[in-house]
Amino acid sequence: MTVDATDIDLSEISFWARPQRERVETFRRLRALDRPVFTRENRIPFVGHGPGYYALVRHADVSEASRNAGLFSSEPTANSIVDMPRWLAVYFGSMINMDDPRHARLRRIVSRAFTPRVLAKMEEDLQRAATRIVDEAIAEGPGDFVTQIAARLPVQVICDMMGVPPELHPRVLRATNVILGNADAEYTGIEPTLNRWNVARGLVALLAAGRELSRLAIRLGRERRGASNGDLVGTLVNGDEHLTPQELGSFFILLVVAGSETTRNAIAHGLTLLTGNPGQRELLTGDFERYIPGAVEEIVRHSTPVIQFRRTLTRDHEMGGQHYREGDKVLLFYNSANRDEAVFTDPDVFDITRHPNPHVGFGGPGPHYCLGAHLARREITVMFRELFTRMPRIRSTGEPDPLLSNFINGVKHLPYGA
């Protein structure tokens, strides 16, 4: 089937400012094409650009590219459309931008953060944090669900894991907002245009946020070296296999950015979805423990907090009707794969009983599947259990204020009542 795609430009930031329903329709049109569309790259001052990339929008293509890491490489970068310059990669060049064996080594070390023993201890921390957050939300009264509730839990949990003092948690959250909201004027104070000076100011803000988080982690690592107090930083910097200071800084940025942003946005989207689908909400609250596992998966599928990651071809290859050449870039659009009609019946419908639900909201299958997926599921579960137990009438009372980003399907603010 041939569909006109001449008016579709996924590189334009204005596209990502369009209403959600328009973007969903655009990706439906792209899935109907005979082959992936090629999109030019914007010229980024002080960084550069390449010729463009192919947009992988079908579930099958995204899954195959994810599974075949030797062919679809995460190097030189997976979290940036342009090749990341060294002065940015020093902070943002984490293991998600690596292939094996480097990726395998780092993943083996940092997987210590997600052992059954650590996760069991974290369950207690999660419950305490959720209880405290809801206590304070009840005392404050309804307002902004994101700033009062959704954004706080994952940052508190991750900072507690790393041993970050409570008084520094707000700084970590602000830096995280700048990193993933780098195209959004609310977080940077800079209009999202390709004006040379605006881009320069945005890059300076990004660099400063990355440096702040990295230096914090490195300082904690220096304090724990040889004298761990049992937190995650001590675990990662001690032992025969350990992270270097630069690796620790990059990992902390990855952990706090990916871990907090994914979960906070899933929680915010979840409240919106459960408010707009009262039948699903009634089903969930009527038997929470039975339905919450499926609800979490459906929230992540329907909202897809992480929109896309990049891969680069290591050799010529044919897939999905397209012949790729060595060096070609592809973007894995998880948001589109999660609404692929070939895989999901009525993909735009929010259904917490959907089964099976082979979504790629935590990344596709393969070595880069989200290491913190289990933690994210637990955070979402604990938060909604606490909310529906103690604030049973909670609901969104207006439209979410979306983050302007082609990387994160974020919610900056969400009015709510209880």
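What volume does the second largest pocket have? In this predicted model, the second largest pocket has a volume of about 580 Å³. Of the 23 residues that line this pocket, those closest to its centre are Gln20, His269, Thr272, Glu399 and Pro400. Helix 12 (245-276) contributes the largest share of the lining, five residues, and helix 1 (20-31), helix 12 and helix 14 (288-303) each supply at least two. By class, the lining of the second largest pocket comprises 12 polar, six nonpolar and five charged residues.

The structure contains five cavities of 30 Å³ or more, and the largest cavity has a volume of about 150 Å³. The largest cavity is lined by 16 residues, of which Gln20, Val24, Asn335, Ser336 and Arg339 lie nearest its centre. The elements that give two or more residues to this lining are helix 1, helix 14 and helix 15 (334-337), and the largest share, five residues, comes from helix 1. By class, the lining of the largest cavity has eight polar, four nonpolar and four charged residues.

As to the overall fold, the protein has 16 helices and 11 strands. An open sheet of five strands is arranged in the order 1-2-7-4-3, with mixed pairing, and its edge strands, strand 1 (38-39) and strand 3 (72-73), each pair on one side only. Strands of a sheet pair through backbone hydrogen bonds, either parallel or antiparallel. Strand 2 (residues 53-56) and strand 7 (residues 329-333) run parallel and are joined by three bridges, with alanine 55 standing opposite leucine 331 in strand 7. Helix 2 (residues 59-67) packs on the sheet, where it touches strand 2, strand 3 and strand 7, and the direction of this helix makes about 120° with that of strand 7.

With regard to overall dimensions, the C-alpha trace of the protein spans about 55 × 55 × 40 Å along its principal axes. The radius of gyration is 21 Å, which agrees with the value near 22 Å that a compact globule of 418 residues would have.

Definitions and conventions:
Residues are numbered from 1 along each chain as its sequence is written. This is a predicted model: local features need pLDDT of at least 70, side-chain atom pairs count only at pLDDT 80 or more; totals for chains, interfaces and linings use all residues. Side-chain values use heavy atoms; hydrogens and water are left out. On a 1 Å grid over the protein atoms alone, a cavity is a set of points where a 1.4 Å probe fits but cannot get out, and a pocket is an open set with protein on both sides within 12 Å along at least five of seven lines; lining residues have an atom within 4 Å of a point. Grid points are joined across faces, edges and corners, and a volume is the space filled by probe spheres set on the points. Helices (H or I, at least four residues) and strands (E, at least two) are DSSP runs, numbered from the N terminus. Ala, Val, Leu, Ile, Met, Phe, Trp, Tyr, Cys and Pro count as nonpolar, Asp, Glu, Lys and Arg as charged, and the others, Gly among them, as polar. Two strands pair if DSSP finds at least two bridges between them. Contact means heavy atoms within 4.5 Å. Axes are lines fitted to C-alpha atoms, for helices over the stretch in contact, and angles run from 0 to 180 degrees between N-to-C directions. The radius of gyration is taken over C-alpha atoms; the globule rule is 2.2 Å times the number of residues to the power 0.38.
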